[in-house]
Amino acid sequence: MSAPDTAAPLAAPSQVQAELLGSRPPLRDRAFRLALFISLTIGVVTLAVLIAYVTIKGWPRLNSTLWTNMPSIRRPERAGAQSAITGTLWVIGFTALFALPTGILAALHLEEFSKPNGRFQRLVEVNIQNLAAVPSIVYGILGLAFFARALALGQSVITASLTLSLLILPIVIISTREALRAVPRNIRDGSLALGATEWQTAYRQTLPAAIPGIATGVILALSRAIGEAAPLLLLGAVTFITFNPTGPLSGYTTLPIQIFNWTKDSREEFQILASATIVLLLVLLLAMNFAAILIRNRTQKRW
Amino acid sequence: MADEPIELQLTHDLTSGRAQQVSDEVNNVVFTLQDLRVSYGDYQAVRQVSLTIAKSEITAFIGPSGCGKSTLLRSFNRMNDLIPGAKVEGLLAYHGIDIYGPDVDPIEVRRKIGMVFQKPNVFPKSIYDNVAYGPRVNHIKANMDDLVEECLTKAALWDEVKDDLKKSAYALSGGQQQRLVIARCIAVRPEVILMDEPCASLDPIATAKIEDLMRQLALEYTILIVTHNMQQAARVSDRTAFFTAELDDNGVRHGRLVEYGPTRQIFSAPQDKRTEDYISGRFG
């Protein structure tokens with residue numbers, strides 16, 4: 001072998017060039033990208049138009065009277081949504097109180113303690129997935145029959161909270177399970193290999209490691225509950241309420257219900273008021289979703 | 001893993017006297033295995049393993065992939081219990097007691113027989129809390145600060161982390177993490193440490209540190225190590241068990257113990273042709 005000959009003839013450049021440039025028609029590529037872009041635009045533009053519309057329409061009433069004043073039928077120009085705001089907070093607070101521990105413990109049982117792929121687990125799993133797909137109005141019927149009538153809790157904050165808890169329970173369970181599943185197996189193995197019990201492992205390793213994921217899922221579930229009107233309509237929340245709830249058994253109204261009531265009214269002032277309240281509800285929901293994103297980003301998984 | 005032939009280097013390592021000169025017979029027995037079989041469902045991963053493991057020695061399990069050596073290692077602290085469908089048959093006695101006996105608590109077994117895994121699986125906690133975790137869950141009464149220092153010192157990590165005990169264990173390098181896992185393991189005062197390819201994800205320098213550490217720890221603990229790296233087995237272990245994967249009469253692949261003896265003998269004068277082929281790099 002002689003020394004490497006630097007002057008080796010290169011392959012015909014034109015041929016290489018032809019190969020590198022490729023011969024696939026770019027048309028299909030572009031058409032596909034266009035389809036993706038249009039789909040994205042439909043969603044984003046619709047939302048933007050909606051937000052712009054309600055903001056512009058509700059602008060005159062987007063001031064402090066919205067949360068300092070109570071609803072009023074006779075004097076729309078002075079009506080506010082205070083009782084609906086406090087009602088929403090009461091209902092959501094109790095919903096969180098009922099749904100979170102139940103959902104998280106249920107998910108922990110399914111994910112960490114029951115036999116994987118056992119008959120019981122599969123049965124429960126299918127059930128939970130189906131429950132998540134049940135229309136919310138059906139939960140309203142259940143709440144009316146069971147909590148309001150059978151348990152005689154009536155048209156109270158507690159009835160609404162229990163009903164909404166059932167509604168979001170499947171979402172809490174599913175998202176908690178996802179978060180638990182994302183915790184690597186080797187962390188559990190490491191804990192068990194040190195002589196920790198399964199309960200200690202779940203409580204001291206898996207659950208804390210899954211908390212960011214759980215928090216994200218839980219906030220999203222609660223923001224779903226905040227926006228719900230259908231089941232509450234059935235539970236008799238439509239009544240005209242001009243007072244803040246005073247306790248779990250108190251009467252209440254919520255933001256979606258108040259919006260529903262006002263949009264039913266033909267007077268223009270109430271339409272404006274409804275738009276302003278929609279903006280308020282949207283801000284609340286966006287804030288919650290933002291908090292969820294914040295939690296997720298601040299506690300990036302490190303494994 | 002077809003390593004380069006290692007016989008020359010091996011002689012060097014053994015004559016340098018890093019491994020103890022062990023007798024052919026196992027005298028101070030910690031584990032006795034008789035016809036041990038581990039299976040997953042219908043599949044028998046490893047069959048007919050009979051051997052004894054000596055106290056305060058390093059025993060290496062070597063062999064090609066799929067020979068069941070990791071599976072076998074996980075049987076020693078009942079980690080296989082956690083895999084659905086896994087079954088251990090035959091006898092695996094620890095100081096004469098069958099650890100798969102009806103009254104034996106796997107939690108207690110795992111306290112006595114610690115484990116270090118292939119990938120450093122530190123907990124998402126501080127360095128301090130990683131070490132303190134084992135003693136806490138086992139309700140070991142001790143001055144935790146002293147215990148943490150003692151274990152980190154034994155794991156040759158104290159000098160590197162003593163000012164950062166509150167920092168996340170994830171801030172450590174891979175080799176440091178693996179030494180932290182070892183510190184965490186000895187914090188529950190086990191008698192045996194199982195190591196499942198502890199250096200598989202580490203660079204040569206970190207590997208050398210772990211190997212030094214293993215020789216140190218062998219003064220106090222009985223160590224079982226699974227390794228793909230034959231030089232490692234030759235360097236650190238006192239005794240070596242060579243496993244291979246074979247097809248039985250029905251064409252089912254399973255792991256089998258081929259040869260077991262002092263490392264010096266396995267590497268310099270293997271009795272079995274398959275062992276010789278494997279350690280000389282002709283197969284595996």
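Chain B is built from 11 helices and 10 strands, where helices (H or I, at least four residues) and strands (E, at least two) are DSSP runs numbered from the N terminus. The radius of gyration of chain B is 19 Å, close to the 19 Å that the globule rule gives for 284 residues, so chain B is as compact as a globular protein of that length. Here the radius is taken over C-alpha atoms, and the rule is 2.2 Å times the number of residues to the power 0.38. This is a predicted model, in which local features need pLDDT of at least 70 and side-chain atom pairs count only at pLDDT 80 or more, while totals for chains, interfaces and linings use all residues. Residues are numbered from 1 along each chain as its sequence is written, chains are lettered from A and ligands numbered from 1 in the order in which they are written, and side-chain values use heavy atoms, with hydrogens and water left out.

**Chain B as a whole**

- Along the principal axes, the C-alpha atoms of chain B fill a box of roughly 55 × 45 × 35 Å.
- Of its 284 residues, 57% count as buried (under 20% relative accessible area, with exposed over 50% and partly exposed in between; 1.4 Å probe, protein chains only).
- Take the contacts (heavy atoms within 4.5 Å) in chain B between residues at least 6 apart in sequence: 71% of them join residues at least 24 apart.

**A closer look at Leu224(B)**

- Leu224(B) sits in strand β8 of chain B, which runs over residues 222-226.
- With a relative accessible area of 0%, Leu224(B) is buried.
- Leaving aside residues up to four places away in sequence, Leu224(B) touches several residues, including Phe31(B), Ile53(B), Leu73(B), Phe76(B) and Val192(B).
- Phe76(B) is 148 residues from Leu224(B) along the chain, and their C-alpha atoms are separated by 9.4 Å.

- For chain A, the annotation "transmembrane region" (unreviewed entry) covers several stretches, among them residues 131-151 and 272-295.
- Residues 131-151 of chain A are 86% helix and 0% strand, with end C-alpha atoms 22 Å apart.
- Residues 272-295 of chain A are 100% helix and 0% strand, with end C-alpha atoms 35 Å apart.

Conventions:
UniProt positions are given in the numbering used here, feature names are shortened, and annotations may be inferred rather than shown by experiment.
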